Amino acid sequence: MMTTNLTQPHVRVSWLDRTLIAAVVLLSSIFPVELFSNTPPAPRGSDGQYSGKQGQVLVVKVKGEEQATEVKGAFLKRTIPFFREFRPDEPPGYIGLLGIDMQDEPGTYELAVEVKQGEQAKRLSFNVLVAKEKFAVEHLTLPKDKVDLDEKAVARWKAEQQEVQQALAENSRLKLWHSNFVEPVNGKRTGIFGSVRVMNGQARNPHNGEDIGAPLGAEVSATNDGIVRITVDHIFSGKGIFIDHGLGFYTMYFHLSEVLVKDGDLVTAGQIIGKVGATGRATGPHLHWGVKLNGARVNPYSLLDLPLKNGIVRTGTIATPASEAAPAP
Ligand SMILES: [Zn+2]
């Protein structure tokens with residue numbers, strides 16, 4: 001004989017559930033939900049075109065959206081937050097920094113931008129041409145144990161990566177940086193950002209930053225204002241600092257001999273944060289300077305070349321939307 005389930009848990013609605021349902025019904029009658037339905041998505045690329053090479057940073061401008069409450073872009077599954085920027089001769093607009101990762105495949109991709117204004121939303125569509133950068137091939141000879149990791153070292157490396165990932169999962173919702181970036185150390189640019197690395201004859205991950213050769217103990221400055229998100233002493237990076245500049249933008253400083261800041265410290269552009277060393281996997285004293293921009297590994301020197309000075313965006317230097325360059329027929 002069949003037994004009857006008297007409790008029927010799937011139809012029982014608890015007091016809490018009922019309260020929640022009532023709250024949702026009430027709220028949706030006060031705030032009609034119409035997030036994405038206001039305008040149909042723009043045809044792909046109809047709002048302009050940008051182009052850049054692997055590892056570059058593009059400045060994307062959205063003009064005349066004074067009333068916007070939030071502007072954000074999506075590019076290759078990465079989110080690009082936009083921020084308000086005022087220019088003396090132009091109406092206020094929004095700016096987004098779009099990082100092209102050093103390993104993004106060359107091609108044309110869409111940057112979809114959503115402009116929210118209260119409950120209204122508008123979508124813009126830009127085409128972004130990613131061009132191939134010619135990266136060098138670098139042959140390095142290192143002590144065997146720094147290249148061929150034993151089991152214990154692999155476990156340590158994995159745990160350290162997780163520690164960094166967790167620390168960087170939390171980023172400042174505020175833009176903390178301003179337009180004048182500082183080169184962190186006076187030294188020789190090696191120009192090996194993105195280089196394909198061959199260590200002791202074995203192919204390894206490409207180099208995700210720029211190395212600046214400088215003497216042991218040379219002072220290292222923060223490139224811009226931010227919060228020290230985490231300081232580390234890791235197997236590859238040695239003594240290192242990760243600075244959060246807000247809106248998903250981080251800079252990293254590795255192989256230091258000394259770290260002069262601690263987690264949570266607020267730093268300003270040009271502030272001395274550490275000293276050059278050769279800790280971790282390094283062949284000699286140098287600063288490894290890295291940048292992560294909304295998940296993209298970009299050339300740190302592209303920050304110094306941004307067409308932003310004193311809060312003013314100089315137009316037409318890195319990229320100009322096609323719609324600006326030539327009026328549509
Ligand atoms: Zn390096």
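Predicted model: local features only at pLDDT ≥ 70, side-chain atom pairs only at ≥ 80, totals over all residues.
Residue numbers start from 1 along each chain as its sequence is written, and side-chain values use heavy atoms, with hydrogens and water left out. Local features need pLDDT of at least 70 and side-chain atom pairs count only at pLDDT 80 or more, while totals for chains, interfaces and linings use all residues.

**View 1**
D211 sits in strand β12 (residues 209-213) and H288 in strand β19 (residues 286-293), 77 residues apart. Strands are DSSP runs of E, at least two residues, numbered from the N terminus. D211 is buried at 8% relative accessibility, and H288 is buried at 6%; buried means under 20% relative accessible area (1.4 Å probe, protein chains only).

**View 1. Strand β6 and its partners**.
Strand β3 (residues 70-75) pairs antiparallel with β6 (residues 107-117) over six bridges, V71 facing V115 as bridge partner. Pairing takes at least two DSSP bridges. On to β7 (residues 120-131): eleven bridges join this strand to β6, again antiparallel, and L111 has F126 as bridge partner.

**View 2. The β6-β7 hairpin turn**.
Two residues lie between β6 and β7 in this hairpin. G118, in the turn, has a positive phi of about 60°.

How values were computed:
Helix = DSSP H or I, 4+ residues; strand = E, 2+ residues; numbered from the N terminus. Buried < 20%, exposed > 50% of the residue type's maximum accessible area, 1.4 Å probe, protein only.
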